[in-house]
There are 2 protein chains.
Amino acid sequence: MRFAAPLPLASGARLADYALVYETYGTLNAARSNAVLVCHALNASHHVAGTHAGQPKSEGWWDNLIGPGKPLDTDRFFVIGVNNPGSCFGSTGPMHVDPATGRPYGADFPVVTVEDWVDAQARLLDALGIDRLAAVIGGSLGGMQALSWAMRHPARLAHCLAIATAPNLSAQNIAFNEVARRAITTDPEFHGGHYYAHATVPRRGLRVARMLGHITYLSDDAMDAKFGRAYVDGAPAYSTQRIEFEIESYLRYQGDKFSEYFDANTYLLITRALDYFDPARAHGGDLAAAFAAATAKFQLVSFTTDWRFSPARSREIVKALVDAKRDVSYAEIAAPHGHDAFLLDDARYHALLRARFGQIAKEVSA
Amino acid sequence: MRFAAPLPLASGARLADYALVYETYGTLNAARSNAVLVCHALNASHHVAGTHAGQPKSEGWWDNLIGPGKPLDTDRFFVIGVNNPGSCFGSTGPMHVDPATGRPYGADFPVVTVEDWVDAQARLLDALGIDRLAAVIGGSLGGMQALSWAMRHPARLAHCLAIATAPNLSAQNIAFNEVARRAITTDPEFHGGHYYAHATVPRRGLRVARMLGHITYLSDDAMDAKFGRAYVDGAPAYSTQRIEFEIESYLRYQGDKFSEYFDANTYLLITRALDYFDPARAHGGDLAAAFAAATAKFQLVSFTTDWRFSPARSREIVKALVDAKRDVSYAEIAAPHGHDAFLLDDARYHALLRARFGQIAKEVSA
C-alpha cells in the first residue's frame with residue numbers, strides 16, 4: 001500500500017512517499033469487525049502465517065498460532081500482518097531510494113519509533129476501511145506496538161494482547177543492543193551506513209550482532225539442555241579460533257544465516273525503536289497515567305525463563321493497568337525456552353490464546 | 001622468574017624458555033609456612049595490591065583486600081601474586097618472541113589451561129623454596145585455579161578459597177566468550193592473530209568484546225541503579241549511531257580503555273582457558289570424584305546477583321565437596337553488584353575473609 005501523505009515521526013522528521021507491505025488471511029466480515037492486527041518483532045515481517053505458492057519452506061513466523069482452526073483462527077478472523085517502515089522485508093526502508101536525493105536512504109533513513117509504526121499501521125487500516133480492530137497482538141517488540149495501540153488509538157481496538165514484552169528496556173537490554181550496534185557500525189564495510197554505495201555489506205558486524213541476540217533469546221537452561229558443554233569432536237582440540245563446542249557451531253550458523261538476508265541499517269533502526277520505547281516517560285514515569293486513555297481489554301503473557309523481558313517486566317505493566325483500573329488478565333507460563341517461547345507451540349500458552357480469541361470471536365459475531 | 005625447563009601443557013605442547021612475573025608482599029616466616037598465593041582472573045595480573053613507586057593510581061586489583069591490616073593481612077602473610085603464561089602483563093605471552101622461530105608467537109602461542117597455569121605457579125613456588133601454601137585464593141577464573149590447586153597439588157596447600165566461581169562454564173557462558181572471540185578474530189586488523197607483524201591492533205574487536213564482558217560482570221539491578229534509562233542529553237536525539245544513553249557512554253569508555261592496553265591473542269587464550277575448565281570431565285562428570293584427592297579446607301563464596309557465575313554454580317561445588325566428605329564452608333553474600341562483587345569492598349564479604357584468614361594465621365603461627 002502506497003501512501004502519498006508524509007508520515008510525521010516522533011523525531012520531528014517526516015517519511016515521504018512510502019509504502020507498507022502487508023498480508024491478510026481470512027475474510028473481513030460485512031460489519032468489518034473481525035480484523036486482528038499482528039505486529040512483528042525485530043527479525044520478522046508481514047508474513048505471519050502460511051506459505052508462499054510453490055515454497056513449502058516459507059512458513060510465516062507465527063504460523064503455529066495463526067491459520068484455519070488455529071488459536072488465532074483465520075476461519076473466523078481477518079488477520080493482517082504488516083511490515084513496518086524501516087524494515088528490510090518490503091516496506092520502505094534504508095535500502096530504498098530517498099525521493100529527496102535519488103539515492104538509497106542508507107544511514108539517513110529517518111529514525112522510527114514504536115509510536116511511528118503504530119501510526120503507520122493505523123493509516124493502513126484507514127486505507128483498508130477498517131475503523132476498529134477486534135484485537136491487536138504482538139510479542140516482544142510486537143507487544144510494545146500492541147500496548148502503544150491501546151494508548152494512541154484507544155477507540156480503534158477492543159482487545160490488546162501483549163506477549164513477552166516490557167514497558168521499556170532496562171539498562172542491560174539497551175547495553176546488549178549497543179554492543180550489537182557497535183559490532184555493526186565499527187565493521188569497516190559499514191561505511192557510516194552507506195555501504196550500498198560501496199557495494200559492501202557489514203557481514204562481520206551482523207554476524208556478531210545476531211550471535212549475541214540469540215544468547216538473549218534463549219534461556220540458560222535451554223542452552224544447557226540443547227548444547228551443554230558438548231565438543232564438536234568429542235574432546236578439546238586446543239584451539240582459540242576453530243569451533244570447539246556445539247554451542248559455538250550453532251551460534252556461528254545463526255550469525256552466518258542472518259548476515260545473508262538482514263539489513264544492517266534496519267538492525268540499527270529496530271534496536272533503537274526498542275531503546276526509545278517508554279510510554280511512561282511523557283507522564284513523569286507514571287505508566288498507569290500512560291494507560292489512562294486506554295479502553296481495550298488487556299491480555300498479558302510472560303514466560304518464566306525469559307530473562308530478556310522477564311515476568312517481572314510484564315508484572316509492571318499489569319500493575320499499571322490495575323492502578324489505572326483497566327480490564328487486564330495476566331498469565332505467567334512455565335516454559336523452559338526463554339524469550340523465544342512466545343514463538344513456540346507451548347500447549348498452555350496456545351490454549352490460553354485459543355480461549356481468549358474464542359471469546360473475542362463471540363463478541364465479534366454478537 | 002625465568003624457567004629453562006619446558007612446561008608440559010594439557011594440549012600436549014610444551015612452553016619452552018618462559019618467564020613468570022610475580023610480586024610478593026610481606027615477609028616469608030622462618031618456617032616458610034605463611035605464604036598465600038593469589039590467582040588472577042581475565043583482566044588482571046601479578047599486581048594484586050599496593051602501588052608502584054611514584055604512581056599513586058597504580059593500585060593493585062585486589063588492594064581493598066590485601067595489605068597491612070587488611071583482611072588478607074600482609075603483616076602476617078607472605079602474599080604472592082603471579083601473572084600467568086599467555087597473559088599480556090609481563091609473563092611470557094603471545095607478544096613475546098617464540099624461540100623456535102625468532103618471531104612473536106602471536107596466534108601460535110600454545111593454548112594454555114587452568115591446570116597449566118597451576119602447574120606453572122607450582123614451579124614458581126619450587127623456585128621460591130615454598131613447599132606448602134597456607135592458602136590459595138582467587139575469584140572467578142582465579143577461583144578455578146584455586147580449586148585446581150586443591151586437586152592437582154593437594155599436599156601443597158592448607159586452605160582453598162574460591163570466590164564467585166563455577167565448576168565449569170555453562171553453554172551460555174561459552175556462548176558469550178565465543179561472541180567476544182568472533183568480534184576479535186573477524187576484525188580485519190586481526191590478521192589471523194599475527195597483527196604484530198602488520199603493526200596493527202584489532203581494536204574494534206577488543207572494544208566489542210570488552211563491552212559485552214562488562215554487561216556480564218554487572219547485575220541487571222546494578223546497571224539500572226547506576227545508569228537506568230538516563231539520556232546523555234536528557235532526551236532522545238533520534239540517532240542510531242551517536243551515544244544516546246548513559247549506559248552506552250559507559251560501555252564505550254570501558255571498551256576504548258581496554259583496547260588500549262589488552263592484547264587480543266591473550267583475550268582468546270584466557271577465554272579458552274575458561275571454556276576448557278571442567279575438572280569433572282576426567283571423572284565421567286563426577287565432580288566429587290575430582291575432589292577425592294583434595295585435602296585442603298575449602299571456603300566458597302558467591303554473590304546473590306552474580307548471573308555470570310551464579311550461587312547455584314558455587315552450590316554445585318559445595319555439594320561435590322560434601323559428597324566427597326571434604327571440609328567446606330560456604331557463604332552466599334547478598335550483594336547488588338553482580339559478578340564484580342568479588343572485587344568490591346562489601347562489609348560482610350570482607351568480614352568473612354578477615355575471620356577466615358585470622359584462623360589461618362593462627363594455624364600458621366601454632
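The lining of the largest cavity contains 6 nonpolar, 4 polar and 4 charged residues. This cavity belongs to a predicted model, and its volume is about 120 Å³. Among the 14 residues that line the largest cavity, those closest to its centre are A:Ala183, A:Thr186, A:Asp187, B:Ala183 and B:Thr186. Two helices each supply at least two residues of this lining: helix H4 (203-217) of chain A and helix H4 (203-217) of chain B. In total, the structure holds 9 cavities of 30 Å³ or more.

The relation between the two chains may be considered next. Chain B is superposed on chain A by a rotation of 180° with 0.0 Å of shift along its axis, and the RMSD is 0.0 Å. That is the relation of a two-fold axis. The same surface serves both copies, since 100% of the contact residues of chain B recur in chain A.

The model has an ipTM of 0.96 and a pTM of 0.97. In chain A the average pLDDT is 97, and 100% of the residues score at least 70.

Attention now turns to individual residues of chain B. Most residues other than glycine have a negative phi. Against this background, B:Ser140 has a positive phi, near 60°, although this residue is not a glycine. B:Ser140 lies in the loop between strand E10 (133-139) and helix H2 (141-152) of chain B. Is B:Ser140 buried or exposed? Its relative accessibility is 7%, so B:Ser140 counts as buried, the limit for that class being under 20%.

A second residue of this kind is B:Ala164, which is not a glycine and has a positive phi of about 45°. The loop that holds B:Ala164 runs between strand E11 (157-163) and helix H3 (171-185) of chain B. With a relative accessible area of 0%, B:Ala164 is buried.

B:Thr266 is buried, because its relative accessible area is 0%. Which residues are in contact with B:Thr266, leaving aside its neighbours within four places in sequence? They are B:Gly86, B:Ser87, B:Cys88 and B:Pro94.

Technical notes. Residues are numbered from 1 along each chain as its sequence is written. Chains are lettered from A and ligands numbered from 1 in the order in which they are written. This is a predicted model: local features need pLDDT of at least 70, side-chain atom pairs count only at pLDDT 80 or more; totals for chains, interfaces and linings use all residues. Side-chain values use heavy atoms; hydrogens and water are left out. On a 1 Å grid over the protein atoms alone, a cavity is a set of points where a 1.4 Å probe fits but cannot get out, and a pocket is an open set with protein on both sides within 12 Å along at least five of seven lines; lining residues have an atom within 4 Å of a point. Grid points are joined across faces, edges and corners, and a volume is the space filled by probe spheres set on the points. Helices (H or I, at least four residues) and strands (E, at least two) are DSSP runs, numbered from the N terminus. Ala, Val, Leu, Ile, Met, Phe, Trp, Tyr, Cys and Pro count as nonpolar, Asp, Glu, Lys and Arg as charged, and the others, Gly among them, as polar. Copies are superposed by least squares on the C-alpha atoms of residues with pLDDT of at least 70 in both. Contact means heavy atoms within 4.5 Å. Buried means under 20% relative accessible area, exposed over 50%, partly exposed in between (1.4 Å probe, protein chains only). pLDDT is the predictor's confidence in each residue, from 0 to 100.
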